[in-house]
Amino acid sequence: MSDNPSGISRRGFIAGTGALLGAAALYGREPARATPQALAGPIANGASVAALVIGTGYGGSVAALRLAQAGVDVHMIEMGMAWDTPASDGKIFCSVLEPDRRSYWLRTRTKAPLNYFLGFPIDRDIPRYTGVLDAEEFGGITVYQGRGVGGGSLVNGGMAVTPKRENFAAILPTVNADEMYNVYYPRANAGLGVSTVDPAWFDSTEWYQFSRVGRKQAQRSGFPWVFVPDVYDWDYMEQEAAGTVTKSALAGEILYGNNHGKKSLQKTYLAQARATGRVAISPLHKVTSVSPASGGRYTVVIDQLDTNGDVTATKTVTADRVFFAAGSVGTSKLLVKLKGTGALPNLNGEVGRGWGDNGNVMCGRANHIWDPTGAHQSTIPCSGIDNWAAGGAFAEVAPLPTGIETFASFYLSITKNPNRAQFTWNAGTGAVELNWQTAWKQPSIDMARTIFDKINSKEGTIYRTDLFGVYKIWGDHLTYHPLGGAVLGRATDNYGRLAGHPGLYVIDGALIPGNTSVNPFVTITALAERNIDKIIATDL
Ligand code: FAE
C-alpha cells in the first residue's frame, strides 16, 4: 500500500515521472497532469483528469493500459461494482444454478437467456441489487451485458476467436488487414491470455462429453468442426476435474461470474494497467453527460450509485480527453442522448446507426437415448461448427450445465444477419430507443438451419421445443454480442476519433458495424490496440 494520497509509491512516482517526461518529449508537448485525488479514486467532485475512460470492458481496459504506459494519468468510470470482495458465503459471484442478488443488474426477478426447461419457466425472484449481468430490454430484443469492473469479461464464456482472415474485409472494411493479423490480433491474444483446451484431455474428460457428441454429429453431417480458444485457464480446469482445486467452470459458474479459472480483464489488462500506478477506477459511478468546456477540455457529469441503483451524489469533473468505452449499447446511448440534447452538437448523423446483434440465435436438439451429453458439463464452450462460407453460420457447441442428463445438444449460432438497427433519442420520454424487431432474426434462423436441419435429418433427431418457452424452438429474443452504434469511419474517423469534437474517442464494440463472424471480444480488443497506438502516436 502506498502512504500518499495519490496512491502512487514514491519509487513508482519517480519511475512514472521519467515515463511522463519521456512521453512529453516523444509527443512534443507537456501532457496534462491529473489532480492527486483524481488518481486515488473514487473520483472527487471538481477533479481534473488527463484522460477519462467511460467503462472498464475490453476497449476501456486497452485504452487505460496503453495510455498509462505512455505516461498519461487515467481515471476509469464504471457504473457496475468492483467485484473484488467475497460476500458472506465466501464467494464473489454466484452460480448459474443458484442465482441470488449478485446475478442481475437492478432486477427483482432473474431473466435467464434460457428461461424454460421441460416447458416450465425457471426464472426466480431475487432482491434488487447492482448485480453483474444486465438483461437490458429494448422493444424487439434483450441485450445481455456485463456490469462491473471488467465489463463483459466478468460474465462471458471467454471464447476468444480471431475471425478468419478471408472474412475480415466484411467486418472492418476500412482497416488494414495485414496490420491487424500481423500485429494487433497477436497483441490482443497475448494480452488476453488466450489458449486452447488440451485435445487429449478433451477426448477423455466427462466434462466435455457434450462437445464430443457435438463433434461426432457435425462431422457425420460433413461440417467442419473446430476447437475454439478461450481465456479460461485450462490447467486450472484440469485440476478442478481432478478435485485438487475449488471448482468454478465445473461448478456451474459462468453467466453471473467465475470465482476462479477465468482470466477476466481484472486479471489481465486491468491488473497491468493498475500496476502502472497511473490508473484509478471509480466503480458504481455512471457517466450521464459529456460536453465541451473551455480550453478544448470536456465537462463530464457522473452519478455515484448505491447498490440499490439510487444516486447518492452527482459529480462534475473536467477531462482533457474522454474515451467512450461503455460498450456498444452504453456508448451509443450516451452519444445519441448527447447529440439529441445538444450537449455535443457537432456529432454527425451516423451516431446511433449501424447496430447489429452479431446474428446471435440459439437452439437445442433432442438426442437419442444412446447419445447422452452428460450430467457433468463444463460451463466453458470449447468447440464450434463452421458453416460460415456455405450457410452463413458459425455455431458454438454450448453447455447446458443443469447437473442432470438432458440428452440435449445446445448451440449459440453467430450468423451473417444483414439487418442493422438504429438508436434514437426520444425527447418526450427522455430515453434512447432501439428499433430492432424480433422478426429481423429470421435470416439468422434460416442460416442456423443450414447446420441443424441437416444434422437432425442425418441423426433422425428433432429440435427441442421446451427451452425458450412452450413449443418454441428458437432463442431469437436476445443477443450477447451487441456491436455498432458509433461505427468506425462513419461516426468516427478511421481510428475512433468522434467527428466534430476533438479529444473525444470511441474505443469499444460500438465501432464494429454489427457483426464479426465469430465471438467478438478479440476483435474489439485488437481494434482498440490498433486505434490507441495511433492516438498515442499522433494526438498526445
Ligand atoms: P463491455 O465489455 O460491455 O464494457 C462496457 C462497460 O461500460 C461495462 O462494464 C458497463 O457497465 C460500463 N458502462 C456502460 N455505460 C456506462 C456509463 N454510462 N458510465 C459508466 N460505465 C458504463 O464493452 N464475446 C466473446 O468474444 N466470447 C464469448 O465467449 C462471449 N460470451 C458472452 C457471454 C455473455 C453472457 C455476454 C453478456 C457477452 C458475451 N460476449 C462474448 C460478448 C463480449 O463480452 C462483449 O462483446 C464485450 O464485453 C464488449 O466489450 P466492450 O469493450 O465493447
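Over the ring of which residue does the charged end of R215 sit? The ring is that of W225, with the charged end 5.2 Å from its centre. This is a predicted model. The structure holds 22 aromatic pairs and 24 salt bridges.

**Aromatic pairs and cluster**

- Y58 and F521 form a stacked pair, with 4.6 Å centre to centre and 5° between the planes.
- That pair links distant parts of the chain: Y58 is in helix 3 (residues 58-69) and F521 is in helix 13 (residues 521-539), 463 residues apart.
- Y58 counts as buried because its relative accessibility is 10%, under the 20% limit.
- F521 is buried too, at 6% relative accessibility.
- W355 and W436 make an edge-to-face pair, because their planes stand at 85° with ring centres 5.8 Å apart.
- W355 lies in the loop between helix 10 (327-340) and strand 12 (361-366), and W436 in the loop between strand 17 (431-434) and helix 12 (442-459), so the pair ties together parts that are 81 residues apart in sequence.
- Both W355 and W436 are buried.
- One aromatic cluster takes in W201, F202, Y208, F210, W225, F227 and W234.

**Charges over rings**

- W225, a member of that cluster, is the ring under the charged end of R215.
- R101 lies over the face of Y129, 4.0 Å from the ring centre.

**A buried arginine without a salt bridge**

- R212 sits in helix 7 (residues 209-220).
- R212 is buried yet has no salt bridge.
- Why does D203 not count as a partner? D203 is the nearest side chain of opposite charge, but it is 5.1 Å away, and a salt bridge needs the nitrogen within 4 Å of a carboxyl oxygen.
- A polar atom of the R212 side chain lies 2.7 Å from the backbone oxygen of F202.
- Beyond its neighbours within four places in sequence, R212 is in contact with F202, D203, S204 and T205.

**Salt bridges**

- R102 and D100 form a salt bridge, their closest N and O atoms being 2.7 Å apart.
- R102 is buried, with a relative accessible area of 7%, whereas D100 is partly exposed, at 25%.
- E137 and K111 meet in a salt bridge of 3.7 Å, N to O.
- E137 is in strand 5 (residues 133-138) and K111 is in the loop between strand 2 and strand 3, 26 residues apart.
- E137 is partly exposed, with a relative accessible area of 49%, and K111 is partly exposed at 22%.
- K333 and E136 meet in a salt bridge of 2.5 Å, N to O.
- K333 is partly exposed, with a relative accessible area of 26%, whereas E136 is buried at 12%.
- Shared partners join D134, E136, R147 and K333 into one salt-bridge network.

- Most residues other than glycine have a negative phi.
- L106 is not a glycine, yet has a positive phi of about 50°.
- L106 lies in the loop between strand 2 (74-77) and strand 3 (116-117), and counts as partly exposed at 22% relative accessibility.
- L284 also has a positive phi, near 55°.
- L284 lies in the loop between strand 8 (279-282) and strand 9 (285-292), and is buried with a relative accessible area of 15%.

**Two buried sites**

- A526 is in helix 13 and counts as buried at 0% relative accessibility.
- A526 and V62 are 464 residues apart in sequence, yet 8.9 Å apart in space, C-alpha to C-alpha.
- Not counting residues up to four places away in sequence, A526 touches M180, Y184, Y185 and A188.
- D466 is in the loop between strand 18 (462-463) and strand 19 (478-479), and counts as buried at 12% relative accessibility.
- The side chains of D466 and R464 are joined by a polar contact of 2.9 Å.
- Outside four places in sequence, D466 touches Y116, F117, L118, G119 and K472.

Conventions: Residues numbered from 1 in each chain as written. Predicted model: local features only at pLDDT ≥ 70, side-chain atom pairs only at ≥ 80, totals over all residues. Heavy atoms only, no water. Helix = DSSP H or I, 4+ residues; strand = E, 2+ residues; numbered from the N terminus. Buried < 20%, exposed > 50% of the residue type's maximum accessible area, 1.4 Å probe, protein only. Lys, Arg positive; Asp, Glu negative; His and termini not counted. Polar contact = N/O pair within 3.5 Å; in protein donor to acceptor, adjacent residues only side chain to side chain. Contact = heavy atoms within 4.5 Å. Phe/Tyr/Trp six-rings, centres within 6.5 Å; stacked < 30°, edge-to-face > 60°. Lys NZ or Arg CZ within 6 Å of the ring centre and 35° of its normal.
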